[in-house]
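Dear colleague,

I am handing over the structure we spoke about, and below it you will find my notes on what was found in it. Please read them with the structure open beside you.

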Amino acid sequence: MNLQPAAVSRSPHSPEYLNPDVSHSVKVLVVGHFGVGKTTYIGSISEIEPLRTEETITEASEGFDDLSGLPDKTTTTVAMDFGRRTLSNTLVLYLFGTPGQERFKEMWEALSRGALGALVIVDPSRLDQSFAVLDLVERFGLTYAIAVNRFDGTASYPLDEVREALNLPVETPVVECDVRDSQSSAKALIALVEHLMTHFG
Amino acid sequence: MSEGPDEGPELTGSLVPLFVITEGRALPPDHEYDHTTLVTAQNAPAVAARTLSPEARKVTDLVADGFLSLAEVSAHTRLPLGIVRILVAQLDNDGLLLVRKPIPRAERVDRELLSAVLDGLRNQFGA
């Protein structure tokens, strides 16, 4: 005899709905190279377990198809993690972790449309890997702040050196951030939003 | 997050060709159905509801009791976002969904939004 209630186990992922009064949604991109802590950061801010969505992108393969002489195009699917935080009865914030490679620029185009701005997470010991990301952020006209991730066991890094190494404009906020810590992560986001507000004087 | 944070891009394929799921429909203009467009099911004319594809049905079932963003619909249904956008456009057109589109960017709106975001973050994280 099967006593297992079938209806319960059938739907392991019942969604966590938004507050029905939420009428406005905003998004911020959380960007950085692989392994820099984007998903951990999103998890620190998100009220739901970070979710993964997939997007189909078309990309030109390396080189050309020898027979036709035409660029060889392939369609691939890229996974992207995101999270959500309800900020008031009417407002919800979505954070999208966006991979920072040139070949994902199609995805960047869609994501950056209507985005408030971008939080760029950098690893102070691998700053050179952040140039491609900064390039994309600037190309898509996103206002950004830099969150310098303090990895476990790494010494605090002089923020001025990060600014200099990344050749950042003086007005761009550079803040230290422990991406595992909610409050520290929120502070980085606040630095970004305050920076965005200076555009309005 | 059983799969661990920040793995490389995950390249996957799908068994059903995507044009089958969308019945050959093209993508709606980008701005119409964004990652953060919020949707919920609304009472449907019976005829429209009866003819739904399994995937469209998955979407309406998922948002039967509340609002979710398109990104969340994509994640929960495991359908690519591009497909979800097409399905949502179709369901919206059929009157089966209530859609809250993101507000267009405008300077005055942005300013108000940004202070609301800032207040929200400060309240919630005490930062």
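This is a predicted model, in which local features need pLDDT of at least 70 and side-chain atom pairs count only at pLDDT 80 or more, while totals for chains, interfaces and linings use all residues. Residues are numbered from 1 along each chain as its sequence is written, and chains are lettered from A and ligands numbered from 1 in the order in which they are written.

To begin with the sheet in chain B, 3 strands form an open sheet in the order β2-β1-β3, with antiparallel pairing; strands here are DSSP runs of E of at least two residues, helices are runs of H or I of at least four, both numbered from the N terminus, and two strands pair if DSSP finds at least two bridges between them. The edge strands, each pairing on one side only, are β2 (68-69) and β3 (97-100) of chain B. Strand β1 (residues 38-41) of chain B pairs with β2(B) over 2 bridges, in which B:Val39 is partnered by B:Leu68 and B:Leu38 by B:Ser69. Towards β3(B), β1(B) is joined by 4 bridges, again antiparallel, and there B:Leu38 stands opposite B:Arg100.

Turning to the helices, the axes (lines fitted to C-alpha atoms over the stretch in contact, with angles from 0 to 180 degrees between N-to-C directions) of α3 (residues 54-62) and α4 (residues 70-77) of chain B come within 10 Å and cross at roughly 115°. Where they meet, B:Lys58, B:Val59 and B:Leu62 of α3(B) are in contact with B:Val73, B:His76 and B:Thr77 of α4(B), contact meaning that C-beta atoms, placed from the backbone, lie within 7 Å.

Within α3(B), the residues B:Ala56, B:Val59, B:Thr60 and B:Leu62 are buried, that is, 20 or more other C-beta atoms lie within 10 Å of their own, again placed from the backbone. They lie on the same side of α3(B) because they cover an arc of only 165° around the axis, the arc being that of the directions from the helix axis to the C-beta atoms. The buried residues of α3(B) pack against β1, β2, α4 and α5 (81-93) of chain B.

Finally, the contact between the chains takes 54 residues from chain A and 45 residues from chain B. On the side of chain A that touches chain B, the largest share, 10 residues, comes from α6(A).

With best wishes

How values were computed: Contact = placed C-beta atoms within 7 Å. Buried ≥ 20, exposed ≤ 12 C-beta atoms within 10 Å, placed from the backbone.
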